[in-house]
Amino acid sequence: MPETYNPQLGREHSYPYEHREEERDWHWGMIININRCINCNTCSFACKSTWTSGKGEEYMWWMNVETEPYGGYPMGWDMRLLDDLEDDETIFEAADDGETVKGYVAQKEEWEYPALGDDQVHGEYPTGDVVESDLENDEYHDMWQFYLPRLCNHCKNPACLAACPRKAIYKREEDGIVLLDQERCRGYRKCVKSCPYHKPMYNPETGVSEKPVGCFPRIEEGNVPRCVSSCIGKTRLHGNINRGPDAGHPGGNKSAAAGRSPVNYLAKSDEKIALPLYPQFGTRPQVFYMPPYHVPPEFLTQMFTPNTEDKRNEWPGSTFEESIKIVQDRVRNPSHHTLGILQLFGATTRLIETYTVKENRVKGWDRKGNKVVDIPFEEEMEVREGEMWTNQ
Ligand code: SF4
Ligand code: F3S
C-alpha cells in the first residue's frame, strides 16, 4: 500500500491511494465551538429534513449531537474502535488480512438510541453543595458533561472511499467533498464498516448506501451548510480549510482581503485553537473543535490528540495534557484577533472566504471578493456621570 504523510499525526502511514490534498485550492472545512452548543439539535433536524426524510432513511442522522462522556450514535462508536487499535496505529495499518481498513459494523440495536446518555454527567453531585471550579488553578468541576456535534468530516484520507471495492465513493475535485455514487454502489457496505465516525449508512429500501453530502448544492451557491446556518447557538464557521496565509485576493478583487480563511486560522495558525476529533484513526478529519474548557484535560487528550508523544514539538506544551490546557485557556480567554473571528460564527449564511481583523472591526469577503460581513466588536463602554436613579 502507498504511504501518505499525515500532518495531524506528524508521520507517514499506509493509505490505498496516492493523493496530495494540500494542493487543492479549495477544501471543505468546519470549526465547531463546543462551548456554545446547547444540544438543541436544530442542526440535526435541519440536516434530516433536508437530506434523509425518505423511506429507509428513518435511522439516518447525518448530523447528530451526543452528550459526552456517555452518549454515542451508534452506541459506543469511539470506544469500540479505540479498543481494537494498538497504540499509535491507524485504522489503515490495523486492517485485517484482505481488508483495507479496520472497522466494525454496528448492529441494529446500537442505532436505536440517538440521544443515549443525554444530559448524564460524569461524577457525583453531593446534595446541597454548590458546583464550583477555579479554572485559574486548574481545578475543574467534579462533575461535567458536554455536547459533541458529529457529522461527516470530509476526510483527507477518507476510510469510506478507501474501503469501497466498487470505487463508488469519490472526493470532488473542486472542494474535497466526499460523495457516494448510488448508481455505482452495489450495497457491499464496506463503507459502513470502515468509517470510524459511522456516517455512511445502508438503506434497506433501496439496497444501496448513502452518506453525508456536505450540503454541496449550498456550497456551490456560496452558502454555508444548513447545520451551520440553522445553528441558534452560533457554534459554527464553515469555509476553505486549505486557504493559507499566502493566498491572493478572492476573485481577483483587490479591495477584498488577501490571505487565509478564518477556518484555516483557527485550525492551523500558531494560535491553534480548534482540534480534529480522534486524529489517531488516521483519516485526517476536516471538522475542527474548539474544546470545552470546563472538562478535565485527560479526557480531552484522548479525544483530540493522536495519543502519541511523537509530535509534542508542534503542540504548545511539553505534554499533550499540558497542550490541551493551553488550548482550553486560549478558547476561554481568546486573543483580540480570535475574538474578532468569533464574531463571524453565525453572522451570515454566505460562505466567508477571507477576513480581516483591524482594531475593533472584523470584515469578511466571499469567493468572488464581495464583502459579506462587517461587524464592530469590543465596543467601548461609556459610563455616564451623575447619580443613579433608584425608586427608593
Ligand atoms: Fe468518509 Fe467517514 Fe470520513 Fe465522512 S467521516 S469522509 S464518511 S470516512
Ligand atoms: Fe461501496 Fe459502500 Fe456501496 S462499500 S458498493 S459504496 S455500500
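Reader: Where does Pro-69 lie?

Author: Happy to start there, with the reminder that this is a predicted model. The peptide bond from Glu-68 to Pro-69 is cis, with omega near 15°. As for its place, Pro-69 is in the loop between S4 and helix H2 (77–84).

Reader: Is Lys-234 buried, partly exposed or exposed, and what is its relative accessible area?

Author: Lys-234 belongs to the loop between H6 and S10. Its phi is near 50°, a positive value in a residue other than glycine. Buried would need under 20% and exposed over 50%. Lys-234 falls in between and is partly exposed, because its relative accessible area is 41%.

Reader: And is Tyr-278 buried or exposed?

Author: Tyr-278 also has a positive phi, near 45°, in a residue other than glycine. You will find Tyr-278 in the loop between strand S11 (275–276) and strand S12 (287–290). With a relative accessible area of 0%, Tyr-278 is buried.

Reader: Which residue has a side chain joined to that of His-27 by a polar contact of 2.8 Å?

Author: His-27 is in the loop between strand S2 (11–14) and strand S3 (28–33). His-27 is buried, since its relative accessible area is 0%. Setting aside residues up to four places away in sequence, His-27 touches Glu-21, His-154, Lys-156, Asp-175 and Gln-286, among others. The side chain that makes the 2.8 Å polar contact with His-27 is that of Lys-171.

Reader: Glu-21 came up there. Which residue's side chain makes a polar contact of 3.4 Å with Glu-21?

Author: Glu-21 is in the loop between S2 and S3, and a relative accessible area of 5% makes Glu-21 buried. Leaving out neighbours within four places in sequence, Glu-21 is in contact with His-27, Lys-156, Lys-171, Asn-242 and Arg-284. The 3.4 Å polar contact joins the side chain of Glu-21 to that of His-19.

Reader: Now the ligands, please! How many charged residues are in the shell around ligand 1?

Author: The residues around ligand 1 include Cys-152, Cys-155, Cys-160 and Cys-195. Asn-153, His-154, Tyr-197 and Lys-211 are also among them. By class, the shell around ligand 1 has nine nonpolar residues, two polar and, for the charged class, one.

Reader: How many residues surround ligand 2?

Author: The closest are Cys-164, Cys-185, Arg-189, Cys-191 and Ser-209. By class, the shell around ligand 2 holds eight nonpolar, two polar and four charged residues. The number of residues around ligand 2 is 14.

Reader: On to the helices. Which elements do the buried residues of H1 pack against?

Author: In helix H1 (residues 42–51), the buried residues are Cys-43, Ser-44, Ala-46, Cys-47 and Lys-48. These buried residues of H1 pack against strand S4 (64–68), helix H6 (226–229) and strand S10 (236–240).

Reader: Why is H8 largely enclosed by the rest of the structure, and how many of its residues are buried?

Author: The buried residues of H8 are Pro-297, Phe-299, Leu-300, Thr-301, Met-303 and Phe-304. What covers them includes S4, strand S5 (146–150), S11, S12 and H9. H8 is largely enclosed because, of its eight residues, the number buried is six.

Reader: How are H8 and H9 oriented to each other?

Author: Two packed helices are described by the angle and the distance between their axes. The axes of helix H8 (residues 297–304) and helix H9 (residues 320–332) come within 9 Å and cross at roughly 100°. An angle from 65 to 115 degrees counts as roughly perpendicular. H8 and H9 are therefore roughly perpendicular.

Reader: Which residues of H9 do those of H8 meet?

Author: On the H8 side are Pro-297, Glu-298, Leu-300, Thr-301 and Phe-304. In H9 they meet Phe-320, Glu-321, Ile-324, Lys-325 and Gln-328.

Reader: Last one: what distance separates the C-alpha atoms of Glu-322 and Asp-138?

Author: Glu-322 is in helix H9 and is partly exposed, with a relative accessible area of 37%. Glu-322 and Asp-138 are 184 residues apart along the chain. Their C-alpha atoms are separated by 11 Å.

How values were computed
Residues are numbered from 1 along each chain as its sequence is written. Chains are lettered from A and ligands numbered from 1 in the order in which they are written. This is a predicted model: local features need pLDDT of at least 70, side-chain atom pairs count only at pLDDT 80 or more; totals for chains, interfaces and linings use all residues. Side-chain values use heavy atoms; hydrogens and water are left out. Helices (H or I, at least four residues) and strands (E, at least two) are DSSP runs, numbered from the N terminus. Buried means under 20% relative accessible area, exposed over 50%, partly exposed in between (1.4 Å probe, protein chains only). A polar contact is a pair of N or O atoms within 3.5 Å; within protein, one must be able to donate a hydrogen and the other to accept it, and residues adjacent in sequence count only if both atoms are side-chain atoms. Contact means heavy atoms within 4.5 Å. A residue is near a molecule or strand if one of its heavy atoms lies within 4 Å of it. Ala, Val, Leu, Ile, Met, Phe, Trp, Tyr, Cys and Pro count as nonpolar, Asp, Glu, Lys and Arg as charged, and the others, Gly among them, as polar. Axes are lines fitted to C-alpha atoms, for helices over the stretch in contact, and angles run from 0 to 180 degrees between N-to-C directions. Angles under 35 degrees count as roughly parallel, over 145 as roughly antiparallel, 65 to 115 as roughly perpendicular and the rest as oblique.
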